Amino acid sequence: REEEVFNHALAGFVGGNYARERVSSQLVNGSNYRFQCKATLPGSTSTWQAIVEIYAPINGKPHITQIHRI
């Protein structure tokens with residue numbers, strides 16, 4: 001489920017590449033996910049850590065609510 005939510009929310013996302021490393025979730029009216037990721041820019045070798053926050057509603061498609069560098 002977590003991998004599916006992550007992949008669906010980032011499908012077609014441009015501007016950076018994110019590789020999941022850890023995840024936490026919170027059950028609300030749907031689910032909130034916080035994925036700690038290793039981030040890179042396309043064509044770059046530098047990396048950094050980022051948190052990708054995703055909301056997955058009960059009925060509907062998961063979507064990114066926030067991305068921030070840590």
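What follows is a working chat about a predicted model.

Me: What do I need to know about the model and the numbering before we start?
Reply: This is a predicted model, in which local features need pLDDT of at least 70, side-chain atom pairs count only at pLDDT 80 or more, and totals for chains, interfaces and linings use all residues. Residues are numbered from 1 along each chain as its sequence is written, and side-chain values use heavy atoms, with hydrogens and water left out.

Me: How many helices and strands does the protein have?
Reply: There is one helix, and there are four strands. Along the sequence the pattern reads α-β-β-β-β. Helices (H or I, at least four residues) and strands (E, at least two) are DSSP runs, numbered from the N terminus.

Me: And the radius of gyration?
Reply: The protein has a radius of gyration of 12 Å, close to the 11 Å that the globule rule gives for 70 residues, so it is as compact as a globular protein of that length. The radius is taken over C-alpha atoms, and the rule is 2.2 Å times the number of residues to the power 0.38.

Me: What does the C-alpha trace span?
Reply: About 40 × 20 × 20 Å along the principal axes.

Me: What share of the residues is buried?
Reply: Buried residues account for 34% of the 70. Buried means under 20% relative accessible area, exposed over 50%, and partly exposed in between, with a 1.4 Å probe and protein chains only.

Me: Which residues of the largest nonpolar core touch the most other members?
Reply: Phe6, Leu10, Tyr18, Phe35, Val52 and Ile54, out of 14 residues in that core. Elements that each supply at least two of its residues are α1 (2-10), β2 (30-40) and β3 (47-56). β3 gives the most, with five residues. A nonpolar core here is a set of buried Ala, Val, Leu, Ile, Met, Phe, Trp, Tyr and Cys residues joined through side-chain atoms within 4.5 Å.

Me: What does Leu10 touch?
Reply: Not counting residues up to four places away in sequence, Leu10 touches Tyr18, Val52, Ile54 and Ile64. Contact means heavy atoms within 4.5 Å.

Me: Switching to Val5. Buried or exposed?
Reply: Val5 has 1% relative accessibility, so it counts as buried. Its place is in helix α1.

Me: Which residues does Val5 touch?
Reply: Tyr33, Ile54, Ala56 and Pro62, with residues up to four places away in sequence not counted. Val5 and Ala56 are 51 residues apart along the chain, and their C-alpha atoms are separated by 7.1 Å.

Me: Where is Glu21?
Reply: Glu21 is in strand β1 (residues 17-28). At 45% relative accessibility, Glu21 counts as partly exposed. Leaving aside neighbours within four places in sequence, Glu21 is in contact with Gln36, Cys37, Lys38 and Gln49.

Me: How about Ser31, buried or exposed?
Reply: Ser31 is buried, with a relative accessible area of 13%, and lies in strand β2. Apart from neighbours within four places in sequence, Ser31 is in contact with Gln26, Ile54, Tyr55 and Ala56.

Me: Last one, how many positive and negative side chains?
Reply: 7 positive and 5 negative, and the centres of the two sets lie 5 Å apart. Lys and Arg count as positive and Asp and Glu as negative, while His and the chain ends are not counted. A charge is placed at NZ of Lys, CZ of Arg, CG of Asp or CD of Glu.
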